[in-house]
Amino acid sequence: MIRQKGKGFFVTGQQASLHILFYGEKIVRFAYSSDQVLPASTLAVIAEPEEVKVKINGYKLRTKSLVIDINPETLAVKISDPDGKIYSEDIAVSPDDRLIRKKRLKETGIFGNGEKYTWLNQVGTKIRNYCSDVLFHNPIQHPQEEEMHTAIPFYLGASPDLAYGIYFDNTHRTYFDFGKSDPAEISFWADGGSLDYYFIAGPQVVDVVIGYGYLTGTAPLPRKSVLGYHQSRYSYSSEEELLNIAEGLHSNDIPCSVLYMDIHYMDAYKVFTVDRERFRNFESMLQKLKDMGFSVVVIVNPGVKAEEGYAVYEEGLKNGYYVTRSSGEVYYGEVWPKPAVFPDFLRSEVRQWWGEKYRWLLECGVEGIWNDMNEPTDFTQEIGTLPDDTVHRTDDGEQLPHREVHNIYAMLQTISTRTALEKLQPAKRPFVLTRAAFAGSQRYAALWTGDNASVWEHLENSIPMLLNLGISGYSFVGADVGGYRGGCSGELLVRWTQLGAFYPFFRNHSEIDTAPQEPWAYPQEILDITRKYIRLRYRLLTHYYNLMRESTLTGQPAIRPLFYHYQEDPETYHINDQFLLGDSLMVCPVTRPGATHRQVYFPQGLWFDYWTGQSFAGGRYLSVEAPLEKMPLYVRAGTVLPHDDIESVEYSSYADAKSLTMYCYTGKDGYYRLYLDDGLSCDFKQGRYSELEFVLKDDPVEPRIILKKLHEGFAIPEINYKYI
Ligand code: MIG
């Protein structure tokens with residue numbers, strides 16, 4: 001019998017029992033257990049079970065949008081829509097092994113899975129999720145490495161008429177096989193924990209992505225300036241060097257919002273210290289940079305140097321804040337500071353203690369925090385991270401083995417960081433950047449994809465990698481522009497900056513001992529082209545900001561694969577080297593050296609060349625010109641696209657241009673909802689924002705915009721129109 005239990009339902013099978021809970025009409029949780037107890041959810045899930053209207057008929061549950069058939073013995077389920085179209089069908093369920101095997105139905109594509117080195121479409125691949133410092137194990141990131149820095153056990157299955165998502169809520173190492181071992185099967189399993197997963201129904205891709213955002217949360221609205229250009233390297237290692245970089249940006253007329261201080265700013269790699277030889281005037285240097293219009297972000301890693309007399313180490317030791325061995329002794333590993341201990345971020349007391357340490361950095365004038373090495377990396381172990389059996393403790397004193405906490409360790413660190421920044425600077429939206437992440441980490445930190453290399457393959461692969469992160473709830477993401485490891489040629493820097501200008505997180509970063517990678521380290525032509533594209537990013541900053549707001553409100557990513565908006569067109573499921581910014585601007589990066597042309601796929605409809613304004617019909621492939629100075633960009637007819645008029649703006653205020661020009665691409669009616677606020681504080685929560693609605697009427701004689709003010713709580717800049 002199906003029994004009602006709490007807000008959901010309960011079935012006992014031959015070997016296990018199954019809880020079925022609804023999180024709205026279209027999100028259903030299937031939680032298996034051998035002891036009839038509902039497994040605890042991980043910290044990824046923020047939605048609450050709801051009571052929805054369900055009709056029970058034997059072993060069939062029927063809601064407005066779904067029909068669920070349960071096999072009373074095996075507890076295998078089949079999920080269909082009310083017309084009988086099958087979304088998902090189990091072959092076998094093994095709750096004891098935390099394993100489920102499902103039929104591969106007609107999925108044209110499988111997407112998501114966080115950060116993975118794969119092509120966009122992951123049908124036929126196998127992946128594992130255990131946050132990994134990839135370069136610890138490999139000289140270079142490559143497609144056979146199944147474990148990357150993130151662990152986001154979520155995938156989207158899509159076909160032209162149906163899409164669904166599955167989120168496996170398990171913090172242990174998880175495995176997914178998308179038809180690699182058997183093309184007729186999709187299976188997933190975990191090393192520990194429970195078989196507890198959420199099914200999210202479409203039928204549209206966008207329904208699934210929004211559903212996943214509802215389940216695991218969305219990123220808070222970022223500061224507008226952090227959507228600009230960031231300049232970094234490992235490391236700008238003295239005051240003179242960092243100030244020189246700032247000067248170089250100004251004198252070369254390159255807009256830039258954020259500069260980075262990598263590990264050399266610390267005294268002997270001790271977190272929450274500054275090397276006063278290299279940075280004699282740390283505070284006044286930060287002030288100087290601020291006056292020049294830059295925010296400075298510093299790196300803060302989890303490993304704490306084990307050194308007698310070092311206050312952070314000793315405090316943590318005294319209070320029992322570090323991860324221990326199973327014997328209860330503190331565990332000593334090694335990271336940059338040599339012997340190091342690892343804060344046990346699982347406990348709220350430890351998170352608060354750590355968070356308080358940021359106070360001093362913020363008082364010095366630091367504007368953002370970069371949490372690196374938080375898989376966490378441990379050099380002493382062959383596995384590159386803490387041993388499986390080291391011990392964490394919950395607030396209730398329960399001991400959990402590292403293998404269970406590993407995948408959420410970075411997320412817990414970013415919770416500590418973000419919560420502290422919010423508390424210490426309530427008037428300012430925090431900026432936190434992380435390398436490792438779990439499902440739900442998007443609520444706390446932006447993410448970059450770690451140690452790529454200055455090779456064309458990594459420029460190319462960053463596209464599907466970031467698009468799949470977007471499908472996995474992560475909108476604020478980017479890859480190191482120019483590549484981290486190895487030297488970057490001028491041509492590669494140009495092509496990567498053209499692409500990076502459309503990454504949500506846009507940062508040039510490079511490894512220690514590589515040649516300078518700032519745009520002005522290259523010949524004039526390279527400098528000129530990179531500057532042009534960095535400026536283009538600032539022209540689109542308000543638009544980007546609006547897209548990030550949409551991410552905040554709905555969970556939709558800023559950059560989207562083509563199939564996201566052209567689900568009915570199977571051709572789009574394999575387009576790896578084009579993407580959409582929002583729903584209207586199609587970005588077509590050049591991913592190969594020496595190219596002067598590239599092939600572009602145009603989905604059905606009317607398209608405009610962004611550079612020339614020329615229009616033509618889609619539904620076909622075209623070969624288009626792409627000389628070095630040009631990255632092909634296209635705009636869908638019926639688009640209203642705001643541009644910041646930055647021509648006359650000072651360095652320090654790139655984030656708020658005095659006027660906007662709305663580019664109106666005719667041929668179809670269009671719509672834009674423009675959101676404006678101070679881009680920095682949380683005053684918008686008190687109504688200090690403005691919202692305008694632009695309706696484009698595509699009158700062939702005279703196209704026009706109908707403007708409506710929806711809310712006026714913030715100064716509205718001058719608005720101009722340009723019809724194309
Ligand atoms: O093992 O802090 O991914 O961005 O520059 C290298 C030095 C440690 C790895 C990060 C990289 C950063 C570097 N870190």
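What follows is a walk through the ligand site, some helix packing and a few local backbone features of this predicted model. Residues are numbered from 1 along each chain as its sequence is written, and side-chain values use heavy atoms, with hydrogens and water left out. Because the model is predicted, local features need pLDDT of at least 70 and side-chain atom pairs count only at pLDDT 80 or more, while totals for chains, interfaces and linings use all residues.

The ligand is a handy place to start. Where N and O atoms are concerned, the side chain of D372 has one 2.8 Å from a nitrogen atom of the ligand.

S235 sits in the loop between β19 (229-231) and α3 (239-251); helices here are DSSP runs of H or I with at least four residues, strands are runs of E with at least two, and both are numbered from the N terminus. S235 counts as buried because its relative accessibility is 7%, where buried means under 20% relative accessible area, exposed over 50% and partly exposed in between (1.4 Å probe, protein chains only). The side chains of S235 and H264 are joined by a polar contact of 2.5 Å. A polar contact is a pair of N or O atoms within 3.5 Å; within protein, one must be able to donate a hydrogen and the other to accept it, and residues adjacent in sequence count only if both atoms are side-chain atoms.

On to the helices. Two packed helices are described by the angle between their axes and the distance between the axes. Here the axes are lines fitted to C-alpha atoms over the stretch in contact, with angles running from 0 to 180 degrees between N-to-C directions. α3 packs with helix α4 (residues 282-291) at an angle of about 5°, the axes being 11 Å apart. That angle makes α3 roughly parallel to α4; the label goes to angles under 35 degrees, with over 145 being roughly antiparallel, 65 to 115 roughly perpendicular and the rest oblique. On the α3 side the contact is made by E239, L242, L243 and A246, which meet F282, M285, K288 and L289 in α4. The residues of this α3 and α4 contact split into six nonpolar, no polar and two charged. In that scheme Ala, Val, Leu, Ile, Met, Phe, Trp, Tyr, Cys and Pro are nonpolar, Asp, Glu, Lys and Arg are charged, and the others, Gly among them, are polar.

For helix α9 (residues 456-471) and helix α10 (residues 490-500), the axes come within 10 Å and cross at roughly 5°. α9 is therefore roughly parallel to α10. W456, H458, L459, S462 and I463 of α9 meet E491, L492, R495, W496 and L499 of α10, and the contact comprises six nonpolar, two polar and two charged residues. Helix α6 (residues 348-356) has V350, R351, W353, W354 and G355 buried, under a cover that includes β22 (304-305), α5 (311-319), α7 (358-364) and α8 (402-424).

W611 lies in the loop between β38 (606-609) and β39 (615-617). With 30% relative accessibility, W611 counts as partly exposed. The side chain of W611 reaches the backbone oxygen of M631 at 2.8 Å, and the C-alpha atoms of these two residues, 20 apart along the chain, are separated by 9.4 Å.

Most residues other than glycine have a negative phi, and most peptide bonds are trans. The peptide bond from G202 to P203 is cis, with omega near 10°, and so is the bond joining E375 and P376, with omega about -5°. Positive phi values occur at Q36, near 70°, and at Y269, near 60°. Q36 is in the loop between β4 (27-33) and β5 (55-57), and Y269 is in the loop between β20 (258-261) and α4.

Conventions: Contact = heavy atoms within 4.5 Å.
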